[in-house]
Amino acid sequence: MRSSLRFLSAIQAFFIVVVGLTFSVTAQKENSASQKESQKDDSVYAELGKVPKKAAAQRNPLERDADAVAAGTKLFEQHCAECHGFEGEGARKGPSLRAHQVQQATPGTLFWILTNGVVRRGMPVWSKLPEPQRWQIVTYVKSLGTTEKPSQ
């Protein structure tokens with residue numbers, strides 16, 4: 001009886017070790033994948049640094065317009081949400097607009113990116129939208145705030 005209890009205890013201990021190792025390996029793989037994804041995500045924001053200085057310095061004329069966020073929300077839902085998600089959190093086709101890199105970018109930078117697109121990454125040119133509408137979208141995007149910590 002005692003030997004069978006010892007045998008069962010040994011089997012239980014073995015399974016506990018196997019399960020623990022499995023969780024450890026899985027966690028390491030997920031952490032590694034998360035780090036790779038984070039590095040990949042950072043590269044999608046590189047275009048923000050390529051905006052001409054004159055364009056980046058441009059101020060948002062609708063910055064203090066109380067109606068601009070509401071109008072920008074509607075325009076965002078019509079033109080941007082399909083790729084960037086309805087809350088700007090990012091989706092399969094487009095990165096998060098709540099990322100620190102985007103929220104720290106100047107309004108002029110966002111306006112330039114919106115106007116000229118990032119065609120090689122799949123973002124279309126939105127210069128066909130009237131300028132006030134593009135500024136409304138910028139106002140909305142800036143109102144989202146960040147949900148991420150800055151990358152180190």
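**Close-up views of a predicted all-helix chain**

**View 1. Helices α6 and α7 cross in a right-handed manner.** In this predicted model, a crossing is called right-handed if the near helix is turned clockwise from the far one by less than a right angle, and left-handed if anticlockwise. The axes of α6 and α7, which are lines fitted to C-alpha atoms over the stretch in contact, with angles running from 0 to 180 degrees between N-to-C directions, come within 9 Å of each other and cross at roughly 125 degrees. That angle makes α6 oblique to α7, because angles under 35 degrees count as roughly parallel, over 145 as roughly antiparallel, 65 to 115 as roughly perpendicular and the rest as oblique. On the α6 side the contact (heavy atoms within 4.5 Å) is made by Pro107, Gly108, Leu110, Phe111, Leu114 and Thr115, and on the α7 side by Glu131, Arg134, Trp135, Ile137, Val138, Val141 and Lys142.

**View 2. The largest nonpolar core of the model has 28 residues.** Such a core is a set of buried Ala, Val, Leu, Ile, Met, Phe, Trp, Tyr and Cys residues joined through side-chain atoms within 4.5 Å, where buried means under 20% relative accessible area, exposed over 50% and partly exposed in between, with a 1.4 Å probe and protein chains only. The residues with the most contacts inside this core are Leu48, Phe76, Val102, Leu110, Ile137 and Val141. At least two core residues are supplied by each of α2 (53–56), α3 (68–79), α6 (107–116) and α7 (131–144), and the largest share, six residues, comes from α7.

**View 3. Gln103, in helix α5 (residues 100–104), is buried, with a relative accessible area of 10%.** A polar atom of the Gln103 side chain lies 2.9 Å from the backbone oxygen of Val141. Apart from residues up to four places away in sequence, Gln103 touches Leu97, Arg98, Val141, Lys142, Leu144, Gly145 and Thr146. Val141, with its neighbours within four places left aside, is in turn in contact with Phe76, Leu97, Val102, Gln103 and Leu110.

**View 4. The whole chain comprises seven helices and zero strands.** Helices (H or I, at least four residues) and strands (E, at least two) are DSSP runs numbered from the N terminus. Of the 152 residues in the chain, 31% are buried.

**Notes.** Residues are numbered from 1 along each chain as its sequence is written, and side-chain values use heavy atoms, with hydrogens and water left out. Local features need pLDDT of at least 70 and side-chain atom pairs count only at pLDDT 80 or more, whereas totals for chains, interfaces and linings use all residues.

How values were computed: A polar contact is a pair of N or O atoms within 3.5 Å; within protein, one must be able to donate a hydrogen and the other to accept it, and residues adjacent in sequence count only if both atoms are side-chain atoms.
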